[in-house]
Amino acid sequence: MSLPAQEKERPRQRFELDDRGFDEVPRRYRKYYRRFLGAGDVLAPNEVLCPVCKVVIRSVRELREGDRVYCMACMTRLRVVKVDGRLEGRVEY
Amino acid sequence: MPEPEIHSLSPEQFLERVRSFEFWFGAVQGYLEGREYGRDPELPEERISDPQREGLVNVLCNYCVGETAALEGAGGLIQLAPNRPTKVFLATQTADEARHLEVFSHRLQELGVNNVEAEVKRRSLPELLQFKARLLELIDRGEWAPALFAQNVILEAMEFAVFQRHAHNADLATGDILQGVIKDERRHIGFGENVLGQQLARDPSLRPRLRELRKELDSLVLASFEHTMKILGAPASDSQELGQNYLRAVERLGFA
């Protein structure tokens, strides 16, 4: 997966994750997920939406195209892709 | 030493971790602890009109039909599953489906239905019964991938979409029960899509068989959709949107 040179060089932002009350996974994993609040919900640079179950997946680092993330709520593996300038999760089998 | 981020696990490590009773206990504890028959016991019982009650009883009876199919289906699939984590996951799913049947049956009793079994039998949609019969036939024949497709993609995707829509305008107690069921359903649809996605990648010759099965079962699923939406008083646009959600799941597997 190739990234623009500038993006490759720029260090990734780091994020402190907090528990947002997502109760569908065991307590120690809750910080990695939150509920999607609908059309007006703008995702942060460390977040991507699971297309299978519509839960927001969170990471401790800024996500970039090509990253792998997991949705524990529906047990899906996703690859981060850029579509129309926005990051999206694409299911990988 | 701090635990590594969940996203840094290998796919094998991730699946080993989530397809387990250890994970399942921790997950369901989060949203079922303190509940009685799937609902917050402190929630007040809303007053509903007789026609609303009649509609709700009708819908819940058919949820019981769907959940019975899912219970027998998930239990039957265990013997066909190819490995331990898959069998273990299906055992957790079987427990989930039994719980759904129990909470919907209990809700029917709360609504004044004395003989739940008889009422479910009387109100069952023929399309759903046909779907159930077909699913169990696939399991009896030992057709792992087609049976999993029918159960965890087609049936679960339909239930997921219908329950989500119903939870939006249900009475407080029914809505609360549905929210818990939806949380279980997320695991089931993801599991089905992932296992089948991997299997199709390894063996594309399965595709025509699943395509043919989809063609056969789609009409049964969509007829059940429409019936339920009509009883719930949802506008036609909602019914179409739900149909789309279901179709998107099937399309991700390449069955557009």
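**Figure 1. The contact between chain A and chain B in this predicted model takes 23 residues from chain A and 23 residues from chain B.** On the side of chain A that touches chain B, the strands β4 (68-71) and β5 (76-83) of chain A each supply at least two residues. The largest share of that side comes from β4(A), which gives 4 residues. By residue class, the side of chain A that touches chain B divides into 16 nonpolar, 2 polar and 5 charged residues.

**Figure 2. Met75(A) lies in the loop between β4 and β5 of chain A.** Although Met75(A) is not a glycine, its phi is positive, at about 65°. Most residues other than glycine have a negative phi.

**Figure 3. Tyr37(B) is found in the loop between α2 (21-32) and α3 (50-78) of chain B.** This residue other than glycine also has a positive phi, with a value near 50°. Tyr37(B) is partly exposed, because 16 other C-beta atoms lie within 10 Å.

**Figure 4. Helix α6 (residues 126-140) of chain B and helix α9 (residues 207-231) of chain B cross at roughly 145°, with axes that come within 9 Å.** The crossing in which α6(B) passes α9(B) is left-handed. From α6(B), the residues Glu127(B), Leu128(B), Gln130(B), Phe131(B) and Arg134(B) meet Leu217(B), Leu220(B), Val221(B), Ala223(B) and Ser224(B) of α9(B). The residues of this contact divide into 6 nonpolar, 2 polar and 2 charged. Glu137(B), whose place is also in helix α6 of chain B, counts as exposed because it has 12 C-beta neighbours inside 10 Å. Between Glu137(B) and Phe225(B), which are 88 residues apart in sequence, the C-alpha to C-alpha distance is 22 Å.

**Figure 5. Helix α9(B) has a kink of about 35°, centred on Leu217(B).** The 25 residues of α9(B) reach 35 Å from the first C-alpha to the last, which is close to the 36 Å expected at 1.5 Å a residue. Buried residues of α9(B) include Leu210(B), Leu213(B), Leu217(B), Leu220(B) and Val221(B), and among the others that are buried in this helix are Ser224(B), Phe225(B), Thr228(B) and Met229(B). Just after α9(B), Gly233(B) takes a positive phi of about 75°.

**Figure 6. Phe160(B) is found in helix α7 (residues 144-169) of chain B.** Phe160(B) counts as buried because it has 24 C-beta neighbours inside 10 Å. When its neighbours within four places in sequence are left aside, Phe160(B) is in contact with Ile182(B), Glu185(B) and Ile189(B). Asp203(B) is 43 residues from Phe160(B) along the chain, and the C-alpha atoms of these two residues are separated by 28 Å.

**Figure 7. Helix α4 (residues 84-110) of chain B has 27 residues.** From its first C-alpha to its last, α4(B) reaches 39 Å, close to the 39 Å expected at 1.5 Å a residue. Just after α4(B), Gly112(B) takes a positive phi of about 100°.

Note on methods
Residues numbered from 1 in each chain as written. Chains lettered and ligands numbered in written order. Predicted model: local features only at pLDDT ≥ 70, side-chain atom pairs only at ≥ 80, totals over all residues. Axes fitted to C-alpha atoms, helices over the stretch in contact; angles between N-to-C directions. Left-handed = near helix turned anticlockwise from the far one by under 90°. Contact = placed C-beta atoms within 7 Å. Nonpolar A, V, L, I, M, F, W, Y, C, P; charged D, E, K, R; others polar. Expected span 1.5 Å × (residues − 1). Bend = angle between axes of the 7 residues up to and from the residue. Buried ≥ 20, exposed ≤ 12 C-beta atoms within 10 Å, placed from the backbone.
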